[in-house]
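Subject: Structure handover

Hello,

Here is the structure we discussed, for your files.

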Amino acid sequence: MSDALLMGRDEALGICERVLAASGADQTEVNLLARRSGLTRFARSHIHQSVAETNLQVVVRAAIGEQVGVASTNDTSDAGLADVGERATLLASLSTPDDNFPGLPEPGDEPASLSGSPATADFGPEARAQAVRTCIAIARERGQTAAGACSATVGAHAVANSLGVRAFAETTRANLRMVLTGDDSSGFAQAHAADASEIDAPALARTAADTCARSAGPRSVEPGRWDAILEPPAVTDLLFFLAISAFNGLACHEGRSPLCGRMGERVCGESIALWDDGLDPRGLRRAFDFEGLPRRRVELISDGVAVGPVHDTRTAALTGTRSTGHAALPGNTFGPVPAHIFLRTGDATVSDMIAATERGLLITRFHYTNLVDPRRAILTGMTRDGTFLIEGGEVVGGVRNLRFTENMLGALSRVDMIGRDGRLDQMAWAPALRVRDFRFSGATEF
Amino acid sequence: MERLTRSAVEAAVSAGASYADARVIETRIERALVKNGATEALVAGVDRGLGVRVIADGAWGFAGTCELAEPAIRDAARRAVDLARAAAPTIDEPVRLAPVEPAVAEVAAEFAIDPDDVPVEDRIALLVACDRLMRAEGVAIASGYVSVLRRDQHFASSEGASIFTERIETGGGLGATAVGEGLACRRSYPSSHGGRVETRGWEVIDELALPDHAARTAAEARRLLDAPACPSGEMDLILAGGQLALQLHESCGHPIELDRVLGTEASYAGTSFLTPDKLGGFRYGSEIVNITADATLPGGLGSFAYDDEGVPAQRSWIVKDGIFAGYLTSRETAAQLGLPGSNGCMRADGWARLPLIRMTNINLEPGDLSREEIIASTERGMLMEENLSWSIDDRRLNFQFAAECGWLIEDGEIAGMVRHPTYTGITPEFWGSCDAVADRESWRVWGIPNCGKGEPGQTAHVGHGVSAARFRGVRVGVVEDE
């Protein structure tokens, strides 16, 4: 009897084996992705979406020499699996050669064995609705309205290739995020966890409610350079964009990364250490990538010095190194990116940072952040859901939202205080930072 | 397909749903990308499944499954009812739907050249030819891509609707990136967001004439390396092509989604400054700004015959003579606002997602000057056409965009190229400064195939009909050089 939450190793790899056995290509790789997910979404203090999804996708990469084709299906009948393998092989035969295709990876180190959380598998619609009702009740007590989403996902991922790579894992993800809104302010809180029982809905709701209440009656401040204390959600947002542009092995090879020609150089302050680690238990762990290779810890910035990037087998071959286990699903041409980013902690609390700031801003989170110029690591975005003015070492009230336009490596060179605790967003874990002279380029009306 | 949707609807009603609809969808996607001489992606995907949406105990529930056997479908319908019942204790008022006449229809895709008649080898050969032309100009990265999507869908509802729809989307484009000292400069043809994608056949690719534009696209990317940086200050700004389409998308298309206005995206994408008290009286733009939502435009990526609630495609005013005139609605939000019916904007990203209010084709109606006349009457300004970066606040007021390339205008003439131009503004002030809109001669519908919204995330394919427009006194050059 299997104790699988969704699909066991034998069943998942068995489907992969059926595709491999029927393939006529020189090399074949199969990714199997199964998922069962549910999400409860709320707004205006009631649930307005309560949804569930069950899906199983098979993605086949076939190679004939250096010609590669990719086909996918979610029809796992005998006919469906036969068809997807044949289509991948046919496409490979019609493709022009990719001289940079190094072949599929050989088996190497066995990926770590990770398992999902039964509590997350059991976090069904009733339990999610209960968590949401708790948040709504706390919002109502404070005269606020609640909006957000609570989700749980159980997934199974298997990779097998014709050279002998075999990898399998079950994963679980739970998330609760919310924005509580008052007359002229709002507050944000969220938690991600593999184990749904670690999500403390009342605590999150109280955090969001407090932020909303404290930022009421916002005043306008002028854009310009401000000493800014960035709470962890703001930091992780910036790190995500820096990571995908600067430490993408393909972007580095093609000359699109801000770190092109700068690896080994000091690119930001010595206090900054950034790395990617798919096995760190503080993150949402994944043991292997979409080529079935173990995700290795990769130093991205070490004491201010650029060290990365991350690689799949193709970008590793292009640069004469080995894969770090960061391949994307075949068909994705964006390149390998860090997906489990960690920023080294310091020794300050956010309260310490506020007390040490004569005049500055406290930022809860950013909204709609985007790369303005990836080659120069310039980002823009808006503050949201809790932006505060600090004067004389104290928070003196909320401020209307501001737009930042800032060079990220420059900002990381001006960090002078780092939080001693961190928080997880989906792909990054980071402490709060105080950044001197963070550049705000505009303002808005609320 | 009809048997499956009927079965799901019947099972949901049997389980206690007061309303149910179901969509069974099969999607086939083919995509080819040639980059620097190699076929970097040649992909064919098949995806099928069924989604069932119900109202039970006054609340919504939805379940999607990839298993199309009867037991799995009936199970999905029962789960949707259970999901609705879990939500019901939190609602203040039961969901009400504006009326719609249940349609029974079959809608065929419209195309001149069936993409299936174009062999994969020919698609690759086209892209390889473009790739050679671009790389001959010395760019570091040359890429060309084509994509074809075919979707068959059947919709059925407990009110008696039964609609079979066939859809084809075809698109393609080119991109060239030149790399220099500390710079990476990109040019795209015809647009940076998926090239051009339309609900037509392979004639879209033929009309693009990709090889005719390959060398110019690459040469402009190289020229950008030597172009001056964007100056900082206020000047007149002329937007055209994909950049004007995205400006319209972000600062008009999203804030008119009535679900967003009523707060259901508050925790994620945000809300809207266009609150219901502004409907019919708020000055959104200058008097020459006229904006429509039109799902009936032939070939538009936001065109369809019926939305995913079975409401027929419509054309409606969004901004008339500069005044805010209408929203994009669903049956539920139309009822909430007391409107007589939905204007048909509910669409889902496949079978596994609940329909949301999405843009159709949101169009800036043409004006009466030619594009050339607008440039000729601009003393000092800048023309921006292809988007590079975008960001806007959570009420859709403060925006900032970067374009691939800017063209300085001095004394009514193009005076040179500018690298990495940016501009910023506040939505009603910006559209209020619009003093010229180009005529139908340069008006076309631009597809945007990557519009994100909702949790779980959904991607919509939408369109924007635009020509060119001029905005007075816009702040450009937002990035400080360090």
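The notes below cover the interface between the chains, then some salt bridges and one threonine.

This is a predicted model, in which local features need pLDDT of at least 70 and side-chain atom pairs count only at pLDDT 80 or more, while totals for chains, interfaces and linings use all residues. Residues are numbered from 1 along each chain as its sequence is written, chains are lettered from A and ligands numbered from 1 in the order written, and side-chain values use heavy atoms, with hydrogens and water left out.

Interface

Chain A contributes 78 residues to the contact and chain B 82 residues, contact meaning heavy atoms within 4.5 Å. Together they bury about 6,700 Å², 49% of it on carbon and sulfur atoms; buried area is the accessible area (1.4 Å probe) that two parts lose on being put together, summed over both. Of the area that chain A buries against chain B, 10% comes from A:R41, A:Y368 and A:F446, more than any other three residues supply.

Nine salt bridges run between chain A and chain B (a side-chain nitrogen of Lys or Arg within 4 Å of a carboxyl oxygen of Asp or Glu). In one between A:E53 and B:R353, the closest N and O atoms are 2.8 Å apart. Strand β2 of chain A (residues 46-64) gives the largest share of the side of chain A that touches chain B, 11 residues; strands (E, at least two residues) and helices (H or I, at least four) are DSSP runs, numbered from the N terminus. β2(A) pairs in the parallel sense with strand β3 (residues 59-65) of chain B over four bridges, where pairing requires at least two DSSP bridges. A:V51 stands opposite B:F62 in β3(B).

Salt bridges elsewhere

The whole structure has 65 salt bridges over all chains. A:R296 and A:D109 meet in one at 3.5 Å, N to O, although the two are 187 residues apart in the chain. A:R376 bridges to A:D373 at 2.7 Å between the closest N and O atoms. A:D373 is buried at 4% relative accessibility (buried is under 20%, exposed over 50%, partly exposed in between; 1.4 Å probe, protein chains only), whereas A:R376 is partly exposed at 22%. A network of salt bridges links A:D98, A:E254, A:R256, A:R314, B:K35 and B:E40.

One threonine

A:T153 lies in strand β4 (residues 145-161) of chain A and counts as buried, at 17% relative accessibility.

Regards
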